[in-house]
Amino acid sequence: MIHGILGIWNYWIVIILMMTGLFIVISRHNLVKKMVGLTIFQTSVFLFYISLGKVQGGTAPILTGYKDSLYSNPLPHVLILTAIVVGVATTALGLALILRIKSEYGTIEENEIAKLNTEENSK
Amino acid sequence: MAEFLINGFLIFLLAIIAVVAIRSIKIFSTVMLAGAYSLICAIIFVSLDAVDVAFTEAAVGAGLSTVLYIAAMRHLPKREKVVNDNTIFAFIVCFGVGCLLIWASFDLPVIGDPMAPIHQHVGPYYISNTKPDMGIPNLVTGVLASYRGYDTLGETVVIFTAGLGVLLLLGDGKNRDKNE
């Protein structure tokens with residue numbers, strides 16, 4: 001029973017983390033906080049992939065030289081390695097956009113930006 | 001068994017950090033919590049045998065991202081203005097999607113199951129052929145740089161594009177100072 005729950009416990013927490021990230025993105029108006037929400041969402045996907053690649057009793061995918069070693073699956077690790085680096089590139093781009101928005105509008109709160117836009121249009 | 005318990009505890013810690021990150025009003029503490037979150041993620045990756053991913057996450061996710069956030073925060077307001085106008089809507093959406101995903105999670109293979117579909121496809125091929133093909137012991141490096149080298153090429157193109165975008169958006173900083 002306890003092993004049954006532990007077997008899918010990772011998936012549940014991954015789902016909770018993913019929904020936490022989504023909640024931040026939808027409900028908070030501050031753009032930096034939205035970026036943090038996206039990071040949490042993204043990292044939960046990483047955890048999901050790495051959890052799938054785990055083999056019970058396996059070791060890290062570096063050849064030990066012994067014939068009967070059991071290795072975890074290296075493929076998800078490679079995919080996530082790429083995703084982490086791309087993630088930081090998109091974070092940098094997002095922060096650059098936020099800085100530009102700050103210098104144009106003077107605020108990084110989404111609702112205030114929307115208000116400024118409607119005032120601009122009604123003039 | 002022990003590794004599953006450690007893993008379960010650490011991943012529970014992550015959930016707590018994520019919830020605290022929602023509630024904090026100071027942007028600085030949210031950013032630092034995101035750094036701590038990445039670091040604990042890196043520890044979990046070690047316990048799930050993904051050592052290469054762990055050190056990349058620790059260096060890039062916890063280190064470089066946090067530095068980027070702090071650098072950007074020099075020019076940004078330090079506090080969030082709290083407006084709770086669509087919290088209930090957001091909660092309903094997230095709760096609904098979360099329930100559906102948890103329902104779907106019962107169809108996933110148990111973590112660590114060696115007979116799961118993911119371990120039947122190219123994984124065994126990489127494990128048995130990396131040494132004869134490339135002669136290096138690290139399977140992740142072998143797959144990253146050789147078997148899936150085009151992926152890595154695509155990744156560098158994405159990073160180059162992002163870097164170009166940042167340069168075009170921020171320029172040399174002179175325009176920004178003029179507006180402030």
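Hi everyone, let me start with one residue: B:D49 is buried, having 24 other C-beta atoms within 10 Å. Buried here takes 20 or more other C-beta atoms within 10 Å of the residue's own, exposed takes 12 or fewer, and partly exposed is in between, with C-beta atoms placed from the backbone. B:D49 sits in the loop between α2 and α3 of chain B. Its backbone is worth a look too: B:D49 is not a glycine, yet it has a positive phi of about 75 degrees.

A word on what we are looking at. This is a predicted model, in which local features need pLDDT of at least 70 and side-chain atom pairs count only at pLDDT 80 or more, while totals for chains, interfaces and linings use all residues. Residues are numbered from 1 along each chain as its sequence is written, and chains are lettered from A and ligands numbered from 1 in the order in which they are written.

How confident is the predictor? The model scores ipTM 0.86 and pTM 0.87. Chain B averages a pLDDT of 85, with 94% of the residues at 70 or above; pLDDT is the predictor's confidence in each residue, from 0 to 100. Within chain B, α7(B) has the highest confidence, at 91, and α8(B) the lowest, at a mean of 53. Helices are DSSP runs of H or I with at least four residues, numbered from the N terminus.

Let's stay inside chain B for a moment. How do α1(B) and α2(B) pack? Their axes come within 10 Å and cross at roughly 165 degrees, with the axes being lines fitted to C-alpha atoms over the stretch in contact, and angles running from 0 to 180 degrees between N-to-C directions. The two helices are therefore roughly antiparallel to each other. For the cut-offs, angles under 35 degrees count as roughly parallel, over 145 as roughly antiparallel, 65 to 115 as roughly perpendicular and the rest as oblique. The residues of this contact divide into 17 nonpolar, three polar and one charged. Nonpolar means Ala, Val, Leu, Ile, Met, Phe, Trp, Tyr, Cys and Pro, charged means Asp, Glu, Lys and Arg, and the others, Gly among them, are polar.

Now to the interface. Chain B brings 84 residues to the contact and chain A brings 70, where two residues are in contact if their C-beta atoms, placed from the backbone, lie within 7 Å. Which helix gives the largest share of chain B's side? That is α3(B), with 12 residues. By class, the side of chain B that touches chain A has 54 nonpolar, 18 polar and 12 charged residues.

α3(A) and α3(B) pack at an angle of about 0 degrees, with their axes 10 Å apart, and that makes them roughly parallel. Among the residues meeting here are A:L81 and A:I84 from α3(A), and B:V60 and B:L64 from α3(B). This contact has 15 nonpolar, five polar and two charged residues.

The other pair is α3(A), residues 74–105, with α6(B): the axes come within 9 Å and cross at roughly 60 degrees. That makes α3(A) oblique to α6(B). A:L81 takes part here as well, in a contact that includes B:V143 and B:L144 of α6(B).

To finish, one glycine: B:G63, in helix α3 of chain B, counts as partly exposed, with 15 C-beta neighbours inside 10 Å.
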